[in-house]
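Student: Hi! Could you walk me through this one?
Tutor: Happy to, let's look at it together.

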Amino acid sequence: MRNKENRLLTSEILEALASYPLYSQEHKKIYDLFAVALLRIGNIRWYILEGNAEGDRFTFFTLVCGMGYESELGYTDAGELASIAVDASRYGMPGITLTVERVEDFKPCRLADIEDEDVKNYVARFADDEE
């Protein structure tokens, strides 16, 4: 998988995910899962926990927040994320197209250390089960 095939697969993300291929954190407790990057569009956030190429596709394992229901873990196709484009004119911003972008200043860390209320609420759901 080369960077030019998908603008979201930056060298920084690919380098970080080399240490976190799919299923590499399945033995960890929820609050100890390590997030390597953050993608967002509007209020929707994908915290990337793991990922690797599978055939001609690149799959992320993410915690997704802000979609109007509880946050959840799941598999996300990098190509599908990169293809999302929302015409912002329907939100009063004519001529603008919103796309999923990488949050440049996100610092990799454990889920428990992320200052995002949705993430904190998600992690708290599992606190009693994992102690």
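**The sheet and its neighbours**

Tutor: Leu-63 has Leu-73 in β5 as its bridge partner. Strands here, like helices, are DSSP runs (E, at least two residues, for strands; H or I, at least four, for helices), numbered from the N terminus. This is a predicted model, where local features need pLDDT of at least 70 and side-chain atom pairs count only at pLDDT 80 or more, while totals for chains, interfaces and linings use all residues. Residues are numbered from 1 along each chain as its sequence is written, and side-chain values use heavy atoms, with hydrogens and water left out.

Student: How many bridges join β4 and β5?
Tutor: Six, and the pairing is antiparallel. Two strands count as paired if DSSP finds at least two bridges between them. The hairpin of β4 and β5 has six residues between the strands, and Gly-66 there takes a positive phi near 85°.

Student: And what's in the hairpin of β3 and β4?
Tutor: Two residues lie between those strands, and Gly-55 in the turn has a positive phi of about 70°. Nine bridges join β3 to β4, again antiparallel, with Asn-52 partnered by Thr-59 in β4.

Student: What's the strand order in the open sheet?
Tutor: The order is β5-β4-β3-β2-β8, five strands with antiparallel pairing. β5 (72–77) and β8 (101–102) stand at the edges with a single partner strand each, so one side of each has no neighbour in the sheet.

Student: Which helix packs on the sheet?
Tutor: That's α3 (residues 117–125), which touches β3, β4 (57–65) and β5. Its direction makes about 90° with that of β4; axes are lines fitted to C-alpha atoms, for helices over the stretch in contact, and angles run from 0 to 180 degrees between N-to-C directions. Contact means heavy atoms within 4.5 Å.

Student: New topic: is Arg-45 buried or exposed?
Tutor: Buried, at 5% relative accessible area. The cut-offs are under 20% for buried, over 50% for exposed and partly exposed in between (1.4 Å probe, protein chains only).

Student: What does the Arg-45 side chain join in a polar contact of 2.6 Å?
Tutor: The side chain of Asp-118. A polar contact is a pair of N or O atoms within 3.5 Å; within protein, one must be able to donate a hydrogen and the other to accept it, and residues adjacent in sequence count only if both atoms are side-chain atoms. The backbone oxygen of Asn-43 also lies 2.4 Å from a polar atom of the Arg-45 side chain.

Student: Where's Asp-77?
Tutor: In strand β5, and Asp-77 is buried at 13%. Its side chain reaches the backbone nitrogen of Gly-79 at 2.9 Å.
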